[in-house]
Amino acid sequence: MARSVRPAAEVNEEIRALWSRSGGVLLPADQERYQRLLIEWAAAVRSDVLEAA
């Protein structure tokens, strides 16, 4: 079963909140979370582009 993709704006907001909480310096655990969020954001953007096509 395919996993639903959150909207890019929602993932972006979570990325912004992570950076805001970190004060601009990500600890290793935060870096891992950031990388997962970037992957999720990219998937959401691709999904938006495919839907628009």
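Biologist: What does the accessible surface of the chain come to, and how much of it belongs to carbon and sulfur atoms?

Modeller: About 4,200 Å², with 59% belonging to carbon and sulfur atoms. Those areas are Shrake-Rupley with a 1.4 Å probe, and for residues only the protein chains shown count as cover. Bear in mind that this is a predicted model: local features need pLDDT of at least 70, side-chain atom pairs count only at pLDDT 80 or more, while totals for chains, interfaces and linings use all residues. Residues are numbered from 1 along each chain as its sequence is written, and side-chain values use heavy atoms, with hydrogens and water left out.

Biologist: Fine. How many helices and strands does the chain have?

Modeller: 2 helices and 0 strands. Those are DSSP runs numbered from the N terminus, H or I of at least four residues for helices and E of at least two for strands.

Biologist: And what share of the residues count as buried?

Modeller: 17% of the 53 residues. Buried here is under 20% relative accessible area, exposed is over 50%, and partly exposed is in between (1.4 Å probe, protein chains only).

Biologist: On to α1. How far does α1 reach from its first C-alpha to its last?

Modeller: 21 Å for its 15 residues, 8–22, close to the 21 Å expected at 1.5 Å a residue. The expected span is 1.5 Å times one less than the number of residues.

Biologist: Which residues of α1 are buried?

Modeller: A8, V11, I15, L18 and S22. They sit on the same side of α1, because they cover an arc of only 85° around the axis. That arc is taken over the directions from the helix axis to the C-beta atoms. As a rule, an α-helix has 3.6 residues a turn, so residues three or four places apart point the same way.

Biologist: And which exposed residues does the face turned away carry?

Modeller: A9, E13, R16, S20 and R21. R16, for one, has 55% relative accessibility.

Biologist: What comes after α1?

Modeller: G23, with a positive phi near 70°.

Biologist: Which polar contact involves E40?

Modeller: E40 and R6 are joined side chain to side chain at 2.6 Å. For a polar contact you need a pair of N or O atoms within 3.5 Å; within protein, one must be able to donate a hydrogen and the other to accept it, and residues adjacent in sequence count only if both atoms are side-chain atoms. E40 lies in helix α2 and is buried, at 16% relative accessible area.

Biologist: How many aromatic pairs are there?

Modeller: The count is 1. W19 and Y34 form that pair, edge-to-face, at 5.4 Å centre to centre with 80° between the planes. The rule takes rings of Phe, Tyr and Trp (its six-membered ring) with centres within 6.5 Å; planes under 30 degrees apart are stacked, over 60 edge-to-face, and the rest tilted.

Biologist: Why does the pair tie together parts that are 15 residues apart in sequence?

Modeller: Because W19 lies in helix α1 and Y34 in helix α2, residues 28–52. Their C-alpha atoms are separated by 8.8 Å. W19 is partly exposed, at 31% relative accessibility.

Biologist: What else does Y34 touch?

Modeller: Leaving out residues up to four places away in sequence, Y34 touches I15, L18 and L26 as well as W19. R16 is 9.9 Å from Y34, C-alpha to C-alpha, and 18 residues from it in sequence.

Biologist: And Q35 and R36, how far are they from I15 in space?

Modeller: C-alpha to C-alpha, Q35 is 9.7 Å from I15 and R36 is 10.0 Å from I15. Q35 is partly exposed at 45% relative accessibility, and R36 is partly exposed with 46% relative accessible area.

Technical notes:
Contact means heavy atoms within 4.5 Å.
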